[in-house]
Amino acid sequence: MKPFFFAATLALAVGQLSGAASAESLRVGLASEPTSIDPHFHNLSPNNSLLSHIYEPLIAQNAQQQHVPALATSWQAIDDTTWEFKLREGVTFHDGSPFTADDVVFTFERAPDVPNSPSSFATYTAGKTVEKIDDYTVHIKTDAPYPLMPNDVSTILIVSDENGKAASTEDYNSGKAAIGTGPYQFSEYVPGDRIVMENYADYWGDAPRFDQVVFKPIKSDPARVAAILAGDVDMIEGVPTTDIARLNEDGKVNLSSGVSNRVIYYFMDQFRETTPDVAAKDGGALDNPFLDRRVREAMSIAINREAIADRVMEGASIPAGQLLPEGFFGVSGELSPPEYDPERAAQLLEQAGYGNGFKLVVHGPNDRYINDAEIVEATAQMLNRIGIEASVETLPRSVYFKRASAGLEGKPEFSVGLVGWGSATGEASSPLKSLIATYNPDKGFGASNRGRYSNPEIDSILEEALRTVDDSKREALLQEATEIAMRDVAIIPVHFQVNTWATRLGLGYNARTDEYTLVRDVIVE
């Protein structure tokens, strides 16, 4: 049997190999294609992962999402409302221009305000003012103490002020403006076929390990596995759950696996009096049932999370009862996955006045998350058992996310939809701010709150947490906000993904909790 690598055991090996000689090329099969080369267009993991090769943040995250210096060499709070970042000198963009504080100021102005963004980076930039002190020092100011500044800053990829001021998303996609400081530089982008990058000879850090990297979107699971087995690619992400045992046994590839911080969940329309995808059993009009907490709880306990983990995910997921898995900052010890109880679910529907059930269309992507369409299908079957006549519509992610975010007169279109969220900051404020907080673009809250859930009590606790410097007090507040949200069934968490990568023999991968596929974490054996 070939080794089955785990993230916890590989960190040392990656460090030891960081100076390994570069190979000619690396070909990577992606499970999900990025929606743009613009690093601020869409706060989506496939985008953030791939574009981290071209662009860099001030602060990077290692495989366990611990902070490490990148374009900033140091950072500290110099008073209650000011963080100082010392920038790395001698760094150049891929066009040879120097990286300075001007690029940081420009980036933080641009990131939250990209036209037509399906999910904005405003959740990480709102309430922050960036000031240039000198060419290699910036201050980021807030109105109140903000201890999570390094976490937020680590999510923003820096672009060139000189090249980006007049640049549109189309200019980034064409390569005209796709100029970063990262170890690899843009070479070619053919949507649906390939993204090609060449190593940047003047990169400030360790020399890139490969001369060229070709990322090939292969959304079909069987095709992706076939590609690695045939040698058409050197590495794939998103190994299908149906193939893990077979691939681990036959010794043709190496597998690397680890639990991610991504929660797969359902949002529910909680802002309209009537909702588009719900009707009475006879087809007549019906008030929005999801405004009633009892209906939301009924749906939650009608979902058999253990069955989905065992049968749909084939063991490659962990049932979820909150926003992050055990071990992350802000996780509550008081919450556990809701127990499957269809009888109680039917009683709750009766109590809420929906004893006859209703018709519902459940939406989801079919090419974004592990077994996403299958999860939606299984959920619909479970809802049918409690009297909700559920049908399914799954869509390619390129269509799904646009409609889920703003498909109906600029507002979220679907009544119930499957989505996933990985905490880019590695702690609970990220999903709380983005998924649970009341939608408020000016504050950067609720950027991905597609159900428009709103609870002023949670908002207040979250805002207090975000200005609380004491770690233990802040964690208690995040736990409290999470507990209220889960007991109010703000969303329905289903599970946390376990992600698996496959590499050709001679390579391995340091599995990351953020699910990113980064060339720097490839291990050359």
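How much space lies in the second largest cavity? About 40 Å³. This report covers that cavity and the other spaces in a predicted model.

## The second largest cavity

The second largest cavity has a lining of 13 residues. Closest to its centre are F267, L435, N449, G451 and I491. Strand β13 gives the largest share of this lining, with three residues.

What classes make up the lining of the second largest cavity? Seven residues are nonpolar, four are polar and two are charged.

## The largest cavity

The count of cavities of 30 Å³ or more comes to two. The largest cavity has a volume of about 220 Å³. Its lining holds 24 residues. Nearest the centre of the largest cavity lie N43, L44, S45, W421 and G422.

Which elements each supply at least two residues of this lining? They are α2, β13 (253-268) and β18 (416-422). The largest share comes from β18, with four residues. By class, the lining of the largest cavity has ten nonpolar, ten polar and four charged residues.

## The largest pocket

Now for the pockets. The largest pocket holds about 1000 Å³ of space.

In total, 42 residues line the largest pocket. Which of them lie nearest its centre? They are A60, Q61, L518, R520 and D521. The lining of the largest pocket splits into 22 nonpolar, 13 polar and seven charged residues.

## The second largest pocket

About 630 Å³ of space lies in the second largest pocket. Its lining has 37 residues. A31, G238, R368, Y369 and I370 lie nearest the centre of this pocket.

As for class, the lining of the second largest pocket has 13 nonpolar, 13 polar and eleven charged residues.

## Elements that line two spaces

Technical notes:
Residues numbered from 1 in each chain as written. Predicted model: local features only at pLDDT ≥ 70, side-chain atom pairs only at ≥ 80, totals over all residues. Heavy atoms only, no water. 1 Å grid on protein atoms, 1.4 Å probe; cavity = no way out; pocket = protein on both sides within 12 Å on 5 of 7 lines; lining within 4 Å. Points joined across faces, edges and corners; volume = space filled by probe spheres on them. Nonpolar A, V, L, I, M, F, W, Y, C, P; charged D, E, K, R; others polar.
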